[in-house]
Amino acid sequence: MNKRYLLTPGPTPVPEEVLLAMAKPIIHHRAADFIPLFEEVRKGLKWLYQTKEEVLIFASSGTGAMEAAVTNTLCKGDHALVVRGGKFGERWAEICKAYGVKTTNIDVTWGEAVDPNQIREALKRSPDIKAVFVQASETSTGASHPIKEISEITRNTDILLVVDAITALGVVDLPMDLWGLDVVVTGSQKALMLPPGLAFIALSEKAWKAAEKSDLPKFYFNVKKEKKNHLTNQTAYTPAVSLVIGLQKSLQMMQKEGLPAIFERHDKLARATRAGAQAIGLELYAPHSPSAAVTSVKSPAGLDAQEIVKRLKNHYHVTIAGGQGDAKGKIFRIAHLGYYDRFDIIVSLSALEMALNDLGFSVELGRAVAAAEAEFMTQPAMAKAAVA
Ligand SMILES: *Cc1c(COP(=O)(O)O)cnc(C)c1O
């Protein structure tokens, strides 16, 4: 028997309750049943985003919401500042380029966080910059950027702060309204415990004003049109009905757990994963500002990280992620966002210990697991996982 374990930073495992909800017969989105469902989901999303603004749902992967963030807030020839600290930072710059938005890029060493002073200085040097694009959690490197500090720079200005929170929302505290974040995007297959296929975007009052002026080409990803429809509990085009039904269930589970407990759980899982990896002599790739969503670990010298990923997958049926771009072969990434609890971490570390030994890198069996368990026991009772 090959029982499989999924420990990648998207897609993430989907709880049984959500799977069962999605297995029900399809309903029609223009019929009466859809209205209360969509109304509840809209309310739940505002809760998750910690915003009074409308959170719009699109039927796409997360990148669709990233594209919407660019095309709905900027104008032809606008100038944007992009924090490029990994694959997803690069994606912001690529989307801007595709739409003729000029970018100034802050290239951050992979695995590090951006220094807010660099943003302050770049904005001073180029007063024509209209928006700052950044990741809250740069999934490709496992580093997180200091969103709160950055928001203090943009808050009382006309500059928009656009945050890719795809592996941060529902993982760490990211209060959109309190911090004055202007655009926040996420996707369904990360902390929201759903299959891929939904993208989410919310805009602040300042961002909605920019949307009024925006003249970049757009059709499907039109936030003004979509908001008008959402306010009547409809979507402009056919929604991914089954995923919306799943979302109703996953939001209910998240609300039951509560935001503080969700954040504490992710923090704990991340700490335990880091402690486990370090206990067997491995180095973290993002030691200074690690993401609570994913832990990136350097492969031991002389061992291609892809070999570890392959061994875990083929022999232990544990799927983790390798490195992307320049980090390919150098790092592997263990995810812990969404539907994860302590024993998922134990599984991943246990499999890692065995795989390393298989590959000729001798580590003491049980050592990483013991370090994780010790971390779990530093607090009396870990907040219960999202299991209802
Ligand atoms: C997963 C992810 C995305 C979006 O990827 P999609 O494949 O389009 O869903 C964007 N940014 C970050 C930080 C991510 O982790």
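Trainee: Why is Thr235 called buried?

Mentor: Its relative accessible area is 5%. Buried means under 20%, exposed means over 50%, and partly exposed lies in between (1.4 Å probe, protein chains only). Thr235 is at 5%, so it counts as buried.

Trainee: What sort of model is this, and how are residues numbered?

Mentor: The model is predicted, so local features need pLDDT of at least 70 and side-chain atom pairs count only at pLDDT 80 or more, while totals for chains, interfaces and linings use all residues. Residues are numbered from 1 along each chain as its sequence is written, and side-chain values use heavy atoms, leaving out hydrogens and water.

Trainee: Where does Thr235 lie, and what is it in contact with?

Mentor: Thr235 sits in the loop between helix H9 (223–230) and helix H10 (241–257). Helices are DSSP runs of H or I with at least four residues, strands are runs of E with at least two, and both are numbered from the N terminus. Beyond its neighbours within four places in sequence, Thr235 is in contact (heavy atoms within 4.5 Å) with Arg30, Phe38, Glu226, Asn229 and His230.

Trainee: What does the side chain of Thr235 reach?

Mentor: It reaches the backbone oxygen of Tyr237 at 2.6 Å.

Trainee: How do you know that the span of H12 is close to the expected one?

Mentor: Helix H12 (residues 305–316) has twelve residues. The expected span is 1.5 Å times one less than the number of residues. That gives 16 Å for H12, and H12 reaches 16 Å from its first C-alpha to its last.

Trainee: Which residues of H12 are buried, and what puts them on the same side?

Mentor: Ala305, Ile308, Val309, Leu312 and Tyr316 are buried. They cover an arc of only 100° around the axis, taken from the directions from the axis to the C-beta atoms, which puts them on the same side of H12. Their cover includes strand S12 (318–319), strand S13 (321–322), strand S14 (331–335) and helix H13 (342–358).

Trainee: What happens at the ends of H12?

Mentor: Asp304 caps the N-terminal end, with a side-chain oxygen 2.8 Å from the backbone nitrogen of Gln306. After H12 comes His317, whose phi is positive, near 60°.

Trainee: How much space does the largest cavity hold, and which residues are closest to its centre?

Mentor: The largest cavity holds about 70 Å³. Of its 13 lining residues, Ile57, Ala59, Tyr220, Thr235 and Pro239 are the closest to the centre.

Trainee: And what lines the largest pocket?

Mentor: This pocket has a volume of about 340 Å³. It is lined by 22 residues, with Ser144, Val172, Pro290, Ser291 and Ala292 nearest its centre. Helix H6 (147–154) and helix H11 (259–279) are the elements that give two or more residues to the lining. H11 gives the most, with four.

Methods. A polar contact is a pair of N or O atoms within 3.5 Å; within protein, one must be able to donate a hydrogen and the other to accept it, and residues adjacent in sequence count only if both atoms are side-chain atoms. On a 1 Å grid over the protein atoms alone, a cavity is a set of points where a 1.4 Å probe fits but cannot get out, and a pocket is an open set with protein on both sides within 12 Å along at least five of seven lines; lining residues have an atom within 4 Å of a point. Grid points are joined across faces, edges and corners, and a volume is the space filled by probe spheres set on the points.
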